[in-house]
Amino acid sequence: MRFRNAVVFVTGGAGFIGSAVVRHLLDETEAYVVNIDKLTYAASLDSIPQAASNPRYLFAQVDICNGPALRRLFEQHRPQYVMNLAAESHVDRSIDGPGEFVQTNILGTFILLQEALRYWRGLDQGAQARFRFHHISTDEVYGSLGPEGLFTETTPYAPNSPYAASKASSDHLARAWRETYGLPTIVTNCSNNFGPYHFPEKLIPHIIIKSLAEQPLPVYGDGQNVRDWLYVEDHARALTLVVERGEVGETYNIGARNERTNIHVVRSICALLDEIEPAAGRQRERLITFVSDRPGHDRRYAIDPSKIERELGWAATETFEAGLRKTVQWYVNNRRWWQSILDRGYRAERIGQKE
């Protein structure tokens with residue numbers, strides 16, 4: 001069985017992608033998982049329903065900017081793997097409040113790297129050879145593509161939002177700690193994720209929830225911005241495979257070849273909800289409203305995942321259409337999960353308009 005007797009630190013494990021990784025590790029491996037999360041507005045421990053009864057799971061409410069607290073966790077639990085998914089990730093929020101993104105994504109990654117390095121240096125030679133620090137990042141570090149071409153692992157960085165710039169910076173730190181100090185780091189950059197337990201501020205859950213409430217469905221600009229969609233459970237499989245078998249010092253791009261325009265995604269959600277949860281015969285496309293675009297909105301992202309497919313044998317198994325149907329059905333069936341977020345005071349208001 002994979003990860004037998006191994007301790008895996010998952011930072012940001014109460015977030016969207018992090019919780020999918022934790023669920024996968026608990027369900028499909030024998031890893032002992034330490035979920036390290038400071039529980040920001042976008043985190044939910046309810047996203048890991050199997051955790052409460054699992055003896056291989058521990059939660060630690062710790063901010064990755066808190067070096068002494070991280071040090072105690074390293075000393076107490078002695079991990080073999082660190083998977084860093086702790087990040088502020090909403091582009092619109094980064095436009096209005098970039099400071100939090102610099103704090104968590106750059107300074108937090110630096111502090112986590114320093115504590116991992118301190119711990120790694122104290123290991124015996126065999127344990128050092130087995131240790132891995134896996135930094136999880138985004139394709140947004142590469143900037144915006146034209147109508148042709150794909151992002152590869154050698155595409156130059158050209159971030160266009162404060163969020164993307166902060167993630168690009170953290171990628172460079174992970175690389176530098178490998179090159180300068182020898183810490184065995186690996187970096188992955190993924191395309192847009194979707195699936196269950198996605199916080200309502202992101203496009204797909206935002207549109208689903210507003211559609212169910214018969215509220216206007218805001219679409220930025222002309223709706224022709226293109227994203228390459230990756231089902232989150234496919235991503236979780238890829239990430240665990242990379243930390244287990246990836247080559248130290250390498251970068252792996254993770255995508256599913258699912259390019260769709262934003263307006264296509266919104267219309268697809270409307271059609272699925274009209275089928276699954278009809279609204280008195282009224283088609284939900286009537287709710288679509290085009291709104292002013294956000295500053296620096298990248299036109300197109302698309303990932304070439306050939307390297308991870310070729311070298312590690314991973315491939316996405318979920319098509320966009322099948323994954324979207326599963327996602328819409330999940331939100332229809334799990335209103336309690338997202339309603340609790342709304343009840344805590346989250347409001348899906350337009351942000352990200354600062355110049």
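Analyst: One term before we start: a helix axis here is a line fitted to the C-alpha atoms over the stretch in contact, and angles run from 0 to 180 degrees between N-to-C directions. Also, this is a predicted model.
User: Okay, so at what angle do the axes of α11 and α12 cross?
Analyst: Roughly 70 degrees, and the axes come within 5 Å. Angles of 65 to 115 degrees count as roughly perpendicular, so α11 and α12 are roughly perpendicular to each other.
User: Which residues meet there?
Analyst: From α11 you've got Trp 330, Tyr 331, Val 332 and Asn 333, and they meet Arg 335, Trp 337 and Trp 338 of α12. By class, that contact has five nonpolar residues, one polar and one charged.
User: New topic: what's the volume of the second largest pocket?
Analyst: About 240 Å³. Its lining has 15 residues, and Tyr 157, Asp 171, Arg 175, Val 187 and Thr 251 lie nearest the centre.
User: Which element gives the largest share of that lining?
Analyst: α6, with five residues. Sorted by class, the lining of this pocket has six charged, five polar and four nonpolar residues.
User: And the open sheet, what order are its three strands in?
Analyst: β7-β9-β11, with mixed pairing. β7 and β11 are the edge strands, so to speak: each pairs on one side only.
User: How many bridges join β9 to β11?
Analyst: Three, and the two strands run antiparallel. Arg 227 stands opposite Arg 260 in β11.
User: Which helix packs on that sheet?
Analyst: α9, which touches β9 and β11. The direction of α9 makes about 85 degrees with that of β11.

Technical notes: Residues are numbered from 1 along each chain as its sequence is written. This is a predicted model: local features need pLDDT of at least 70, side-chain atom pairs count only at pLDDT 80 or more; totals for chains, interfaces and linings use all residues. Side-chain values use heavy atoms; hydrogens and water are left out. Helices (H or I, at least four residues) and strands (E, at least two) are DSSP runs, numbered from the N terminus. Angles under 35 degrees count as roughly parallel, over 145 as roughly antiparallel, 65 to 115 as roughly perpendicular and the rest as oblique. Contact means heavy atoms within 4.5 Å. Ala, Val, Leu, Ile, Met, Phe, Trp, Tyr, Cys and Pro count as nonpolar, Asp, Glu, Lys and Arg as charged, and the others, Gly among them, as polar. On a 1 Å grid over the protein atoms alone, a cavity is a set of points where a 1.4 Å probe fits but cannot get out, and a pocket is an open set with protein on both sides within 12 Å along at least five of seven lines; lining residues have an atom within 4 Å of a point. Grid points are joined across faces, edges and corners, and a volume is the space filled by probe spheres set on the points. Two strands pair if DSSP finds at least two bridges between them.
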